[in-house]
Amino acid sequence: QIVTRNGIHLSGDIDYAGDSFDSFPNGIAALFGPDAIPQAGFAQIVAFVGALELGVMKDQANGAAPGDFPGDFRNGALDFGWDSFSDETKLKKRAVELNNGRAAMMGILGLMMHEQLGGSIPIVGEM
């Protein structure tokens with residue numbers, strides 16, 4: 001949101017009707033409201049996320065063995081050296097990732113609250 005609030009948008013059109021990315025509002029207004037993206041586009045987003053959830057982001061996708069822990073989505077393909085870490089290092093890295101996720105959730109919740117309340121945020125600007 002910070003990037004789009006500063007006027008930086010993807011180039012090109014978002015649909016075949018010729019609507020550009022910057023012709024739609026920022027935030028939740030891009031999904032719901034009078035100037036929202038077309039309902040077919042919203043349905044495509046929901047369908048894509050659903051397909052990822054049901055088919056790809058699973059603890060045992062494509063017949064691979066279940067992950068070592070809940071949230072282990074390596075699926076036997078992506079490792080990046082995880083198996084070479086000690087158990088203590090793995091636990092520390094998982095804790096760091098969990099805390100980063102919590103901080104990101106609090107940050108986006110704060111932006112969503114300010115968008116609904118209206119007003120101005122120093123970095124983002126007018127809501």
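This is a predicted model: local features need pLDDT of at least 70, side-chain atom pairs count only at pLDDT 80 or more; totals for chains, interfaces and linings use all residues.
Which residues make a nonpolar surface patch of about 510 Å²? The patch is made by I45, F48, V49, L52, V56 and M57.

One of the patch residues, V49, belongs to helix 2, which covers residues 39–56. V49 has a relative accessibility of 44% and so counts as partly exposed.

In general, a pair of aromatic rings is described by the distance of the centres and the angle of the planes. Here the ring centres of F32 and F42 are 5.6 Å apart and the planes stand at 65 degrees, so the pair is edge-to-face; the cut-off for that class is over 60 degrees. F32 is exposed, at a relative accessible area of 52%. F42, by contrast, is partly exposed, with a value of 21%.

**Lysines of helix 3**

Helix 3 spans residues 87–117 and includes K90. K93 is placed in helix 3 as well. K90 is buried because its relative accessible area of 16% falls under the 20% limit. K93 has a relative accessibility of 39% and therefore counts as partly exposed.

With residues up to four places away in sequence not counted, K90 touches W82, D83 and F85. When neighbours within four places are likewise left aside, K93 is in contact with W82 and F85.

For W82 and K93, the C-alpha to C-alpha distance is 9.9 Å, and the two residues are eleven apart in sequence.

**Accessibility by residue**

The relative accessible areas given above are collected here.

| Residue | Relative accessible area | Class |
|---|---|---|
| F32 | 52% | exposed |
| F42 | 21% | partly exposed |
| V49 | 44% | partly exposed |
| K90 | 16% | buried |
| K93 | 39% | partly exposed |

Note on methods. Residues are numbered from 1 along each chain as its sequence is written. Side-chain values use heavy atoms; hydrogens and water are left out. Helices (H or I, at least four residues) and strands (E, at least two) are DSSP runs, numbered from the N terminus. Buried means under 20% relative accessible area, exposed over 50%, partly exposed in between (1.4 Å probe, protein chains only). Contact means heavy atoms within 4.5 Å. Patches are made of residues with over 30% relative accessible area and no salt bridge: like charges are joined within 9 Å, nonpolar side chains (Val, Leu, Ile, Met, Phe, Trp, Tyr) within 5 Å. Accessible areas come from the Shrake-Rupley method with a 1.4 Å probe; for residues, only the protein chains shown count as cover. A salt bridge is a side-chain nitrogen of Lys or Arg within 4 Å of a carboxyl oxygen of Asp or Glu. Rings of Phe, Tyr and Trp (its six-membered ring) pair if their centres lie within 6.5 Å; planes under 30 degrees apart count as stacked, over 60 as edge-to-face and the rest as tilted.
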